[in-house]
Amino acid sequence: YNDVIDLNRLGGLVAKTICREPRLGNPTPRMAETEAGIIQSIGLPGKGIEYFIDHIVPEYAKFSPPLIVSCSSDNIEEFALLTEELARVPDVDVIEANISCPTRNLTGQNFAMHEDYTRDCVKAIKERTGGKPLWVKLSPNAGDIVSIAKAAESAGADCLVIANTFLSLKIRTDNFRPALGNKFGGLVSPALKPIVLRMVYQVAKQVKIPIIGIGGVTKAEDVVEYMLAGASAVGIGYAGFRNPTALITIIEDLAAWCDERGIKKVTELIGAVKDDDMEMDPLVTAAHGV
């Protein structure tokens with residue numbers, strides 16, 4: 001990316017999720033195209049925590065934005081140990097607990113699917129962060145993401161990341177087999193933004209800690225929507241894969257959008273959606289006419 005854009009202009013750099021021990025990842029194929037995005041089932045491959053600290057962190061340290069290290073594990077104790085090891089690394093600024101990866105196993109299960117698992121996991125991790133900020137990445141596949149979010153907040157999360165990918169399936173019509181080697185994968189698509197936006201809006205009404213909205217951001221107006229819904233910041237992934245220069249374009253377009261409207265600070269947008277005076281009773285609304 002640094003060959004194409006100036007990474008120092010970004011607000012933060014989130015490293016791909018790492019695990020404590022080396023992982024080969026999921027069987028291939030790992031990606032499949034859909035009409036409106038991709039389904040991916042990478043499976044968090046990596047060379048483990050030691051390699052990451054020795055070889056990857058120094059590469060990120062060359063740039064000025066804070067480094068957010070996303071980490072994951074199969075069990076709570078190993079999660080806590082991994083967090084403790086990362087907390088001792090000076091160049092790691094934030095720890096993101098990815099408790100919501102849907103592609104670690106065939107079922108898509110993860111800690112963020114249940115309130116109790118979320119609370120227990122976040123509590124154990126928080127005790128090992130060494131005072132560094134803890135972000136908790138939630139799953140859109142949970143039945144009640146608001147309850148999950150409140151559980152993470154009560155357990156000590158400093159920030160919520162909403163949301164991970166949607167568990168999905170694609171079947172090839174030429175051979176009748178699943179398109180991915182792991183059967184299921186996480187759908188990444190601009191079409192998902194309205195769904196995640198709704199989740200950000202609902203969670204923001206119920207928690208006091210900051211929220212980072214992630215999902216389907218391709219333009220400055222998408223960032224504005226997330227912030228109006230209650231997000232304090234926005235993460236971008238898919239748009240960068242499609243066009244790396246989109247990251248800088250969105251920053252510049254957002255500044256221009258604010259300037260055109262006399263908005264001095266982008267933080268003025270956080271939770272600024274105008275919905276207090278909306279009539280929610282459908283019968284009363286219908287009586288008002290069109």
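## Exercises on salt bridges, buried residues and a helix pair

Glu-59 is partly exposed, with a relative accessibility of 42% (buried means under 20% relative accessible area, exposed over 50%, and partly exposed in between, with a 1.4 Å probe and protein chains only). The model is predicted, so local features need pLDDT of at least 70 and side-chain atom pairs count only at pLDDT 80 or more, while totals for chains, interfaces and linings use all residues. Residues are numbered from 1 along each chain as its sequence is written, and side-chain values use heavy atoms, with hydrogens and water left out.

**Exercise 1.** Describe the salt bridge of Glu-59 and Lys-62.

*Solution.* 
- Step 1: recall the term. A salt bridge is a side-chain nitrogen of Lys or Arg within 4 Å of a carboxyl oxygen of Asp or Glu.
- Step 2: look at the pair. The side chains of Glu-59 and Lys-62 form such a bridge, at 3.1 Å from N to O.
- Step 3: Lys-62 is exposed because its relative accessibility is 58%.
- Step 4: The structure holds 15 salt bridges.

**Exercise 2.** Where in the chain are Glu-225 and Lys-193, the partners of another salt bridge?

*Solution.* 
- Step 1: take the distance. From N to O, the side chains of Glu-225 and Lys-193 are 2.4 Å apart.
- Step 2: find the elements. Glu-225 sits in helix 6 (residues 220-229) and Lys-193 in helix 5 (residues 193-204); the pair is 32 residues apart and links distant parts of the chain. Helices (H or I, at least four residues) and strands (E, at least two) are DSSP runs, numbered from the N terminus.
- Step 3: check accessibility. Glu-225 is partly exposed, at 33%, whereas Lys-193 is buried, at 9%.
- Step 4: Within it, Arg-88 and Glu-84 have their closest N and O atoms 4.0 Å apart.

**Exercise 3.** Is Asp-222 buried or exposed, and which residues does Asp-222 touch?

*Solution.* 
- Step 1: locate Asp-222, which belongs to helix 6.
- Step 2: read its accessibility. At 1%, Asp-222 is buried.
- Step 3: list the contacts (heavy atoms within 4.5 Å). Leaving out residues up to four places away in sequence, Asp-222 touches Lys-193, Gly-216 and Val-217.

**Exercise 4.** How do helix 1 and helix 2 pack?

*Solution.* 
- Step 1: Two packed helices are described by the angle between their axes and the distance between the axes.
- Step 2: take both values. Helix 1 (residues 49-60) and helix 2 (residues 76-87) pack at about 20°, their axes 11 Å apart. Axes are lines fitted to C-alpha atoms, for helices over the stretch in contact, and angles run from 0 to 180 degrees between N-to-C directions.
- Step 3: name the arrangement. Helix 1 and helix 2 are roughly parallel (angles under 35 degrees count as roughly parallel, over 145 as roughly antiparallel, 65 to 115 as roughly perpendicular and the rest as oblique).
- Step 4: find the residues. Ile-49, Phe-52 and Ile-53 of helix 1 meet Leu-82, Glu-85 and Leu-86 of helix 2.
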